[in-house]
Amino acid sequence: MMPNFAFKSGEIGGSVWQHEDMPLNYRQAMSKLSFNIEAVIAGKARLSEEQALELYHHASLHDLGQWAHATAQRMHPEPYRTYVIDRNINYTNVCTAKCTFCAFRRDHEDQDSYTLSYEKIGEKIRELVAIHGTQILMQGGMNDRLPLEWYEGLLRYIKSNFPTVHIHAFSPPEFVEFERFFGMDVRDIIRRLHAAGLDTIPGGGGEIFAPRVRRRIGIGKCTGDDWLRVMRVAHEEGLNTSCTMLIGHIEFIRERIEHMAALRDMQDYALAVREARKFSVEDRGAGKAKALGDVATVASRVNKKLPGIWAKSGKFTLNGGDTGSYTAFIHWPFQRENTPLGRAKEWDEATYGPFDDSTNEDVLRGRVVRMAGAEEYLRMLALARLYFDNIPSLQSSWVTMGPKIGQLAMFFGANDMGSVMMEENVVSAAGTTYRLQEHEICRLIRDAGWIPAQRDQYYNVLRLHDGPDSPDLQPVAHPPIRNVKQIDKQFIGAAPGIDDDADRSVKVQLPLLGGAAAAPLRGSGG
Ligand code: SF4
């Protein structure tokens with residue numbers, strides 16, 4: 001049964017309000033949408049780009065959250081929410097691109113440039129395996145001095161020494177540079193790396209596909225068309241991938257929606273190819289004819305909007321073989337610290353006036369950045385859950401948003417807490433990021449009302465933490481010691497003696513999430 005989302009003006013917060021006294025966002029929520037949102041929540045209708053924009057501009061955050069949560073519950077009725085244990089390995093920081101939001105890249109000549117040896121990468125994986133980790137997320141730098149054989153050798157080295165470890169590696173911008181470095185088409189490169197051990201491809205470098213935005217923030221990085229082309233080929237070659245979006249810089253809202261529309265279109269295409277490949281070569285039945293017709297229809301529809309995606313990398317067959325698809329969508333806000341783009345002025349309504357989503361010259365020219373906070377992050381997450389009817393999982397971005405917003409994300413459409421990362425270098429080089437241990441992630445999931453479950457990259461549950469041996473229900477033998485000067489000020493505010501510059505260097509033990517006194521299971525469904 002569909003939940004009833006309607007409320008009357010006199011019922012908000014238990015007090016009697018007149019409509020005109022309400023905050024703007026409540027008034028907007030009460031204005032009638034031009035379409036039936038309940039059909040979208042029920043999976044019986046698909047949001048158009050115009051409807052998605054209408055929701056962004058006219059629905060209250062609370063309504064969006066309720067609608068997205070209801071949709072997520074329909075798509076993921078299971079009593080658990082998931083996480084994966086992995087390690088980010090940035091094998092080189094040498095990069096031919098010069099993204100203006102990046103604080104990680106180096107030139108060959110820089111003293112702190114590096115490329116990790118196979119052995120060093122092996123050491124990192126050994127540490128990962130020791131804590132039940134199951135996969136590595138391995139990305140550069142796009143280093144023009146590494147030949148294809150170096151990558152093949154690395155993948156074979158990892159698979160021979162750590163056969164159970166899943167390799168999620170090399171984002172689309174790296175593949176586009178590989179084409180240039182090696183003088184090969186991406187299909188042949190993917191085939192060789194897949195044969196050497198590559199399992200899936202992460203959706204890094206998606207940012208925002210709009211050429212206007214990419215020209216300004218992703219200097220030297222592949223176009224949106226090329227990003228989507230690499231993923232098309234990966235799916236045709238049988239590899240699953242994830243997809244991403246970077247918000248809160250110089251993009252307009254309509255460009256975010258266009259970005260999401262391109263992903264949804266290409267997912268339609270991947271799923272149509274998968275259906276067609278279920279039939280054998282010999283099959284001459286109507287089912288196969290329909291499936292092949294569906295592929296042609298979807299390809300033609302998408303080709304009209306995004307012709308560049310089919311401009312290169314042809315030659316594949318629909319006669320059998322695995323087909324990959326986007327398994328998850330992840331978005332996060334731009335982190336400005338230490339980045340060239342971060343030096344731009346921040347959007348301020350008092351100075352620039354209300355944000356204009358279509359014509360504002362300062363945004364068009366990249367003179368100001370419009371940073372995204374928690375409200376913006378959650379609004380887009382909810383919108384993504386309502387919009388992506390064909391991408392199964394949405395991840396919470398607690399690494400950039402913090403544990404509490406990360407937990408709240410599970411009520412705004414996220415069904416996965418992403419990864420317990422042993423290491424992260426790229427985003428953390430550009431600003432505040434958070435670290436959580438496995439027991440802390442489990443605690444966040446359990447407190448939100450679900451059973452925590454460790455998954456693999458295919459979203460198979462590896463360990464369902466429904467018993468007393470769950471990580472969050474164990475006593476913590478040695479709580480970590482932290483330096484008082486490094487305690488995040490959001491937890492201590494302006495406590496006397498903490499905000500000045502005196503070097504106290506006192507070591508204290510802080511209370512931990514997920515200690516022995518963990519909350520009992522609250523049942524499923526949230
Ligand atoms: S974000 Fe990636 S591609 Fe862009 S400069 Fe940094 S390392 Fe290179």
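**Group meeting: a walk through a predicted model**

S313 is partly exposed, because 19 other C-beta atoms lie within 10 Å of its own. On our scale, a residue is buried with 20 or more other C-beta atoms within 10 Å of its own, exposed with 12 or fewer, and partly exposed in between; the C-beta atoms are placed from the backbone.

Some ground rules. This is a predicted model, where local features need pLDDT of at least 70, side-chain atom pairs count only at pLDDT 80 or more, and totals for chains, interfaces and linings use all residues. Residue numbers start from 1 along each chain, following the sequence as written.

Back to S313. It sits in the loop between α12 (286–305) and β7. Helices (H or I, at least four residues) and strands (E, at least two) are DSSP runs, numbered from the N terminus. The phi of S313 is positive, near 65 degrees, and S313 is not a glycine. In general, most residues other than glycine have a negative phi. K315 is another such case, with a positive phi of about 45 degrees. K315 also lies in the loop between α12 and β7. Is K315 buried or exposed? K315 counts as exposed, because it has 8 C-beta neighbours inside 10 Å.

Now the overall picture. The protein has 19 helices and 15 strands. Of its 526 residues, 41% count as buried. Take the contacts with a separation of 6 or more: 79% of them join residues 24 or more positions apart. A contact here means two C-beta atoms, placed from the backbone, within 7 Å.

Next, the sheet. Which strands form it, and in what order? It is an open sheet of 3 strands, β6-β7-β10, with parallel pairing. β6 (241–247) and β10 (393–394) are at the edges with a single partner strand each, so one side of each has no neighbour in the sheet. Two strands pair if DSSP finds at least two bridges between them. β6 and β7 are joined by 7 bridges. One of the residue pairs there is I247 with P333 in β7. β7 (residues 326–333) and β10 pair over 2 bridges. On that side, A328 stands opposite S393, and F329 has L394 as its bridge partner. Helix α11 packs on the sheet, touching β6 and β7, and its direction makes about 170 degrees with that of β6. For that angle, axes are lines fitted to C-alpha atoms, for helices over the stretch in contact, and angles run from 0 to 180 degrees between N-to-C directions. β7 is largely enclosed by the rest of the structure, because 7 of its 8 residues are buried.

That brings us to the core. A nonpolar core is a set of buried Ala, Val, Leu, Ile, Met, Phe, Trp, Tyr and Cys residues joined through C-beta atoms within 7 Å. The largest one has 116 residues. F329, L381, A382, L383, A384 and L386 have the most contacts inside it. Helix α11 (residues 253–276) gives the largest share, 11 residues. The core draws at least three residues from each of domain 1 (9–71) and domain 2 (85–271 + 310–391). Those bounds come from an automatic or database domain assignment. What does A382 touch, leaving aside neighbours within four places in sequence? Its contacts are L64, G65, W67, A68, F412 and G413.

Helix α3 (residues 49–58) has the buried residues Q51, A52 and L55. Seen down the axis, they fall within an arc of 105 degrees, so they line one face of α3. The arc is that of the directions from the helix axis to the C-beta atoms. They pack against α4 (61–75), α11 and α15 (374–387). The face turned away carries E50 and H57, both exposed.

Helix α7 (residues 172–182) has buried residues P172, P173, E174, F175, V176, E177 and F178. What covers them includes β3 (135–139), α8 (186–196) and α10 (224–236). Just after α7, G183 takes a positive phi of about 65 degrees.

Last stop: G197. It lies in the loop between α8 and α9 (211–217). G197 is buried, because 21 other C-beta atoms lie within 10 Å. How far is G197 from K159? They are 38 residues apart in sequence and 6.3 Å apart in space, C-alpha to C-alpha. Beyond four places in sequence, G197 is in contact with L155, R156, I158, K159 and I167.
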